[in-house]
Amino acid sequence: MNAPGIAFVRDARRVREHIGQQHRYAHILRVARTAEALARTHGADPARARTAGMFHDLARLYPGERLLRESEQRGLPIGEFERANPIVLHAPLGAELARDWFGVHDEAILSAIRKHTLAAATMSPLDEILYLADGLEPGRDYVGRADMLALAFDDLAAAMAAHLTESLNYHREHNMSPAPQTLAALEHYAPIPLREKRSA
Ligand SMILES: [Fe+2]
Ligand SMILES: [Fe+2]
């Protein structure tokens, strides 16, 4: 096995031990593989994309009060939305854990981990790749997923628009308000005329 292959297997083992749940670990591996494939297609760095995928959900299984407590201890920004939905804090807190426990110091990777749940107005191609890989990996089961993943291989920005619009529709159907960060991403990738055209 080559050196990156050995590193991948070593990281995977450590993440599996940390996560301790097969279901979530299987998702993590699918996200890592999907992100790597998207990066190859779009001329981004496959190793960085894979690493971002591997470490993106380190805090995903923490209960809400632990997410709030540890985020507060680390001085992470906690807005009204985060307070009402602490689960979203697993993204910024996960980036902290990736750095402190797994030695990930690459700011591009940490940024992708931070933004993988709520997205943001400004996203790098690596941020987009992880966000899309997380939402569109083959283990996710909802109508239109495979088409959106195919779109992601074709055009990252178009897939961001489609996926964010889906997310907005989901929020509307459930009478929930999206996070300010997600609304800012929608404004960037899918301004209102485009959203209305899509949902028409
Ligand atoms: Fe996540
Ligand atoms: Fe995830």
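**Exercise 1. The cover of H6**

Task: Find what covers the buried residues of helix H6.

Solution. Start with the model itself. It is predicted: local features need pLDDT of at least 70, side-chain atom pairs count only at pLDDT 80 or more, and totals for chains, interfaces and linings use all residues. Residues are numbered from 1 along each chain as its sequence is written, while chains are lettered from A and ligands numbered from 1 in the order in which they are written.

Next, locate the helix. H6 spans residues 90-102. Helices here are DSSP runs (H or I, at least four residues), numbered from the N terminus.

Then list the buried residues. In H6 they are His-90, Ala-91, Pro-92, Leu-93, Gly-94, Ala-95 and Ala-98. A residue is buried if 20 or more other C-beta atoms lie within 10 Å of its own, exposed if 12 or fewer, and partly exposed in between; the C-beta atoms are placed from the backbone.

Now the cover. It includes helix H3 (46-55), helix H4 (64-73) and H7. Contact between two residues requires C-beta atoms, placed from the backbone, within 7 Å.

Last, look past the end of the helix. Gly-103 follows H6 and has a positive phi, near 70°.

**Exercise 2. The buried side of H11**

Task: Name the buried residues of helix H11 and say where they lie around its axis.

Solution. H11 covers residues 180-189. Its buried residues are Gln-181, Thr-182, Ala-185, Leu-186 and Tyr-189. They cover an arc of only 140° around the axis, so they sit on the same side of H11. The arc is that of the directions from the helix axis to the C-beta atoms.

What do the buried residues of H11 pack against? They pack against helix H10 (156-173).

**Exercise 3. H10 against H11**

Task: Describe how H10 and H11 cross, and which residues meet.

Solution. Two packed helices are described by the angle between their axes and the distance between the axes. For H10 and H11, the axes come within 9 Å and cross at roughly 135°. Axes are lines fitted to C-alpha atoms, for helices over the stretch in contact, and angles run from 0 to 180 degrees between N-to-C directions.

The two helices are therefore oblique to each other. Angles under 35 degrees count as roughly parallel, over 145 as roughly antiparallel, 65 to 115 as roughly perpendicular and the rest as oblique.

The crossing of H10 past H11 is left-handed. That term applies if the near helix is turned anticlockwise from the far one by less than a right angle; clockwise is right-handed.

Now the residues. From H10 come Ala-157, Met-160, Ala-161, Leu-164, Ser-167 and Leu-168. From H11 come Thr-182, Ala-185, Leu-186 and Tyr-189. By class, the contact has eight nonpolar, two polar and no charged residues. Ala, Val, Leu, Ile, Met, Phe, Trp, Tyr, Cys and Pro count as nonpolar, Asp, Glu, Lys and Arg as charged, and the others, Gly among them, as polar.

**Exercise 4. H9 against H10**

Task: Work out how H9 is oriented to H10, and list the contact.

Solution. Helix H9 holds residues 145-154. Its axis and that of H10 come within 6 Å and cross at roughly 150°. That angle makes H9 roughly antiparallel to H10. H9 contributes Met-148, Leu-151 and Ala-152 to the contact. H10 contributes Leu-156, Ala-158, Ala-159, Ala-162 and His-163. These residues divide into seven nonpolar, one polar and no charged.
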